[in-house]
Amino acid sequence: MIIDVLTLFPEMFSAVTDHSIIGRAVANGIINIRLTDIRDYTMDKHNRTDDTPFGGGAGMVMSAEPVFRTLEAIGAKEGRIIYMSPKGRLLDRALIEELSLENRIVLLCGHYEGIDQRVLDHWNIEEVSIGDYILTGGELAAMVLIDAIGRLLPGVLGSSESHKEESIYSGLLEYPQYTKPREFRKLTVPEVLLSGDHNLIRLWKYEQALLLTCHRRPDLFEAYLAREKVLSKQEKAVLERVIGICRLERKQ
Ligand code: ADE
């Protein structure tokens, strides 16, 4: 996948391009992150990329010209252009999955009070927000998006990392994890995980994922219940039990 990033701060992206799992995917050529510095496309003799807003108001606005010229220079109309913005559609799992199927995306990072609206209108740019809070720029948001998309691309997660994205867990919060030693400062591990009984362990994990989701994210739990699932008899029994527990707890 090609990801073009248009930014005033390309150096920030070494955080994703040079480290960990996404860094490895970049090195392996699975993700091609192309950084373009918007400042290289300014026509202003002082290299300025922003100006005061028409109509007054606080802060500065990124000027149309350098952003427009950057989009032209990289041939952005061949890709899906996304402007990272707190006004955008909230990023969620469904959008990440959708974006992971694209061949090329173009991430536009704004600064200051945003970008001259004419750029967004002319290029018909989609806006995406990573949450209901305001960052100082779109770069961190773009990195969040790259990380979340990147891990879904084939070959990015090794088999030991990709683990159980099995369909019965899809949409649930993950069950708790433990590792060696069995006892740490008198703190123990749930006995079932040491039992060696794979079926029992599997059902325990499923139950934990269901309980956690029902307690912390009732919205996700309801969505999970509404979804078609292929469950074994034992899994169905676990699900029924958890639904019962949740109903009781909610009544209290
Ligand atoms: N830029 C500033 N705040 C943002 C947010 N919450 N999401 C995406 N881009 C942003």
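How many disulfides does the structure hold? The structure holds one, a disulfide being a pair of cysteine sulfur atoms within 2.5 Å.

Before going on, a word on the model: it is predicted, so local features need pLDDT of at least 70 and side-chain atom pairs pLDDT 80 or more, while totals for chains, interfaces and linings use all residues. Residues are numbered from 1 along each chain as its sequence is written, and side-chain values use heavy atoms, with hydrogens and water left out.

**The disulfide**

The partners are C214 and C246, with sulfur atoms 1.9 Å apart. The link of C214 and C246 is left-handed, at -135° about the S-S bond. C214 belongs to helix 8 (residues 198-216) and C246 to helix 10 (residues 233-251), so the pair ties together parts 32 residues apart in sequence. Helices here are DSSP runs of H or I with at least four residues, and strands are runs of E with at least two, numbered from the N terminus.

| Cysteine | Relative accessible area | Class |
|---|---|---|
| C214 | 4% | buried |
| C246 | 3% | buried |
| C109 | 0% | buried |

**A pocket lining**

Strand 5 (80-90), helix 5 (117-122) and strand 7 (126-129) each give at least two residues to the lining of the second largest pocket. Strand 5 provides the largest share of that lining, five residues.

Methods:
Buried means under 20% relative accessible area, exposed over 50%, partly exposed in between (1.4 Å probe, protein chains only).
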